[in-house]
Amino acid sequence: MRDHYEEIRALGGEVLVISFAPPSFVTVYLKDNPMPFPVVSDVTRAAYQAFGLERISWTAFFRARTMLRYLRLIFGGWLPRRPNEGADVLQLGGDFVLDEQRRLVYAFRGTAPTDRPSAAELVGVVRTTRAAATHSG
């Protein structure tokens with residue numbers, strides 16, 4: 001998303017990352033991995049619950065499809081690291097786009113830990129949402 005942030009901003013959008021990690025972990029992560037957009041901590045997972053993001057079971061975590069996705073990431077150069085203390089590897093993530101009236105216009109709820117839409121898909125949704133707002137208003 002970092003590589004597409006300026007394009008999203010040019011379309012009138014904003015990116016907000018919500019993590020359930022404690023603020024101290026988020027601070028350390030951002031020190032090593034600066035982000036151009038805001039990253040906030042939601043330790044109670046209120047946003048996760050509001051957007052219907054679930055946790056999976058260990059059985060689902062270790063199913064073949066998920067392991068294949070991790071292997072693809074590893075072969076692509078990603079190296080797995082031990083999760084931080086208190087990290088919940090079973091919590092699924094998601095990506096959402098809200099329009100100018102704060103209506104949900106796109107929802108992607110992951111079904112596996114590696115399940116994400118592409119950044120290009122998200123930029124396309126922002127572009128389409130912006131175009132629809134321009135033509136209706």
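Tyrosine 48 is buried in this predicted model, because its relative accessibility is 10% and the cut-off for burial is under 20%. Phenylalanine 20 also counts as buried, at 18% relative accessibility. The two rings form an aromatic pair. Tyrosine 48 belongs to helix H3, residues 46-50. Phenylalanine 20 sits in the loop between strand E1 (17-19) and H2. The pair therefore ties together parts that are 28 residues apart in sequence. Phenylalanine 20 has a further contact, with arginine 45. The charged end of arginine 45 sits over the ring, 4.2 Å from its centre.

The whole structure holds 3 aromatic pairs. Another of them joins tyrosine 5 and phenylalanine 37. Here the ring centres are 5.3 Å apart and the planes stand at 65°, so this pair is edge-to-face. Tyrosine 5 lies in helix H1 (residues 5-10). Phenylalanine 37 lies in the loop between helix H2 (23-32) and strand E2 (39-41). Parts that are 32 residues apart in sequence are thus tied together by the pair. Both tyrosine 5 and phenylalanine 37 are buried.

The surface shows a nonpolar patch of about 600 Å². Its members are Leu68, Leu71, Leu73, Ile74, Phe75 and Trp78. Tryptophan 78 is found in the loop between helix H5 (64-75) and strand E3 (94-98). At 37% relative accessibility, tryptophan 78 counts as partly exposed, because this value falls between the 20% and 50% cut-offs.

Conventions:
Residues numbered from 1 in each chain as written. Predicted model: local features only at pLDDT ≥ 70, side-chain atom pairs only at ≥ 80, totals over all residues. Heavy atoms only, no water. Phe/Tyr/Trp six-rings, centres within 6.5 Å; stacked < 30°, edge-to-face > 60°. Helix = DSSP H or I, 4+ residues; strand = E, 2+ residues; numbered from the N terminus. Buried < 20%, exposed > 50% of the residue type's maximum accessible area, 1.4 Å probe, protein only. Lys NZ or Arg CZ within 6 Å of the ring centre and 35° of its normal. Patch = residues over 30% accessible without salt bridge, like charges linked within 9 Å, V, L, I, M, F, W, Y side chains within 5 Å. Areas by Shrake-Rupley, 256 points an atom, 1.4 Å probe, with all protein chains shown as cover. Salt bridge = Lys/Arg side-chain N within 4 Å of Asp/Glu carboxyl O.
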